[in-house]
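I set out below my entries on a single model, in the order in which I looked things up.

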Amino acid sequence: MLKIWGRLTSVNVQKVVWCADELGLEYERIEAGGKYGVVNTPEYRAMNPNGLVPVIDDSGFVLWESNAIVRYLAARYGEGLLWPADRYVRADADRWMDWQSVSLNPGIGPAFIQLIRTSPEKRNVAVVEAARVDVEKKLGVLDAQLATREYVAGPSFTPGDIALGCSVDRWFKLPLAREAHPHVERWYVTLQTRKGAKQVVELALA
Ligand SMILES: N[C@@H](CCC(=O)N[C@@H](CS)C(=O)NCC(=O)O)C(=O)O
């Protein structure tokens, strides 16, 4: 059976869990990272020398990096469904996964650390504001993309929606004033109704 290591409070673990649930896969999730530790044991480091979550073991195939895991699971278990048959749609979804990881997340991460993981007296409001300005600009880019298509890579739900959906879910749950991005908001409402999204959207930030 598929094994997933990682605490659900990790946005990167959330992507993998959402993907597995979307595909209807049976899996065992093993708590790791944060307060659960595990990631510094020799056994874990042998699977992921970075000591980060998530990691999967699928019948002996071990893989780390959340977006790579989502792509692998979608390709192996969702060919033609979650994994688009059309190479251009696949490339488009792939592009948005990279964008989530290198452009959007680096803004959301610091805001999350300050607002959720830092006590109010130690909070750095300048970091939160810089992150907010950055993320609003990036969400403007996503909003323009979603203005003309139902999902990020076209009319069908793809792995790109999973990666972005986890980041946007986190952003929308942060206690801060946000600008309107009507197309992102419409898309997020649709995502919340997907069976794979349940564990992620029902989770409070911690
Ligand atoms: N690029 C990696 C990043 C993994 C990562 O930074 N994971 C964080 C949680 S989101 C982590 O393991 N932090 C240490 C911990 O939880 O102990 C991925 O997408 O999988």
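Against which elements do the buried residues of α7 pack? I worked on a predicted model, in which local features need pLDDT of at least 70, side-chain atom pairs count only at pLDDT 80 or more, and totals for chains, interfaces and linings use all residues. Residues are numbered from 1 along each chain as its sequence is written.

**Entry 1: helix α7.** I found that the buried residues of α7 pack against α5 (125-146) and α6 (159-173); contact requires C-beta atoms, placed from the backbone, within 7 Å. Helices are DSSP runs of H or I with at least four residues, strands are runs of E with at least two, and both are numbered from the N terminus. In α7 (residues 182-192), I listed V184, W187, Y188 and L191 as buried. They lie on the same side of α7 because they cover an arc of only 100° around the axis, the arc being that of the directions from the helix axis to the C-beta atoms. P182 and V189 are exposed residues on the face of α7 turned away from its buried side. The terms are these: buried means 20 or more other C-beta atoms within 10 Å of the residue's own, exposed means 12 or fewer, and partly exposed lies in between, with C-beta atoms placed from the backbone.

**Entry 2: A91.** I located A91 in helix α4 (residues 87-116). A91 counts as exposed because it has 11 C-beta neighbours inside 10 Å.

**Entry 3: the strands.** I took two strands as paired if DSSP finds at least two bridges between them. Strands β1 (residues 2-5) and β2 (residues 27-30) run parallel and are joined by four bridges. The chain passes from β1 through α1 to β2 in a right-handed β-α-β crossover, that is, clockwise from the first strand over the helix to the second with the strands pointing away from the viewer. L2 stands opposite Y27 in β2. β1 is also joined to β3 (residues 55-58), antiparallel, by three bridges, and I4 has I56 in β3 as its bridge partner. I56 in turn has L63 in β4 as a bridge partner. β3 and β4 form a hairpin with two residues between them, and S59 in the turn has a positive phi of about 50°.

**Entry 4: the ligand.** I noted S10, N12, G33 and E65 among the residues around the ligand, where near means a C-beta atom, placed from the backbone, within 6 Å.

Notes. Contact = placed C-beta atoms within 7 Å.
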